[in-house]
Amino acid sequence: MICGFLSIPLTLYNPTSGIGLLLLIVSALQVFVLISTIFHELGHAIVGRIVGMRVFSIEIGKGRIVYDFFLGDIRWRLRAIPFGGATYGLPSNEHYFRVKEFVFTLGGPMINAFILFGSIRLLSWDAIFKT
């Protein structure tokens, strides 16, 4: 966030300076990592619900809790350092416990794969690699 606040005046004051642009790119990367983490944890929660698990909470970030709220019956905790996350859930019964845990674990990476393939599909690779 600090990079974002510093990058705008530096870029506007001296557009040819590389430091303002670098800080702007770093802050944009931080925002995209945060959004990707939220979708990743939502992937765990959605797939967990599909296979019959009870999802208790989703945490985004590390450190002290900055914001705590309920969305539906899932508790959301946003923490001070916005990197990483966790989704807490348990199967509602013991039938196929390991299969449910396995599918629950794959839910997040599955969403990441959808984001990757969607990004590849939306980007024009010919324009990027054109010489």
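Predicted model: local features only at pLDDT ≥ 70, side-chain atom pairs only at ≥ 80, totals over all residues.
Student: Where does helix 3 bend?

Tutor: Helix 3 covers residues 97-122 and reaches 38 Å from its first C-alpha to its last, close to the 38 Å expected. There is still a bend of about 35° in helix 3, with proline 109 following within four residues of the spot. That spot is glycine 107.

Student: Which residues of helix 3 are buried, and what covers them?

Tutor: Buried here means under 20% relative accessible area. The cover includes helix 2 (18-50), strand 1 (53-71) and strand 2 (74-91).

Student: Which residue forms a salt bridge with arginine 49?

Tutor: Look at the loop between strand 1 and strand 2 for the partner. Arginine 49 itself sits in helix 2, so the pair ties together parts that are 24 residues apart in sequence. The closest N and O atoms are 2.8 Å apart, and the partner is aspartate 73.

Student: Are glutamate 59 and arginine 79 buried or exposed?

Tutor: These two form a salt bridge, with 3.2 Å between the closest N and O atoms. Glutamate 59 lies in strand 1 and arginine 79 in strand 2, so the pair links parts 20 residues apart in sequence. Glu59 and Arg79 also belong to a salt-bridge network with Arg77. Both glutamate 59 and arginine 79 are buried.

Student: What is the N to O distance between aspartate 68 and arginine 75?

Tutor: Aspartate 68 is partly exposed at 34% relative accessibility, and arginine 75 is partly exposed at 27%. Their side chains meet in a salt bridge, with an N to O distance of 2.6 Å.

Notes
Residues numbered from 1 in each chain as written. Heavy atoms only, no water. Helix = DSSP H or I, 4+ residues; strand = E, 2+ residues; numbered from the N terminus. Expected span 1.5 Å × (residues − 1). Bend = angle between axes of the 7 residues up to and from the residue. Contact = heavy atoms within 4.5 Å. Salt bridge = Lys/Arg side-chain N within 4 Å of Asp/Glu carboxyl O. Buried < 20%, exposed > 50% of the residue type's maximum accessible area, 1.4 Å probe, protein only.
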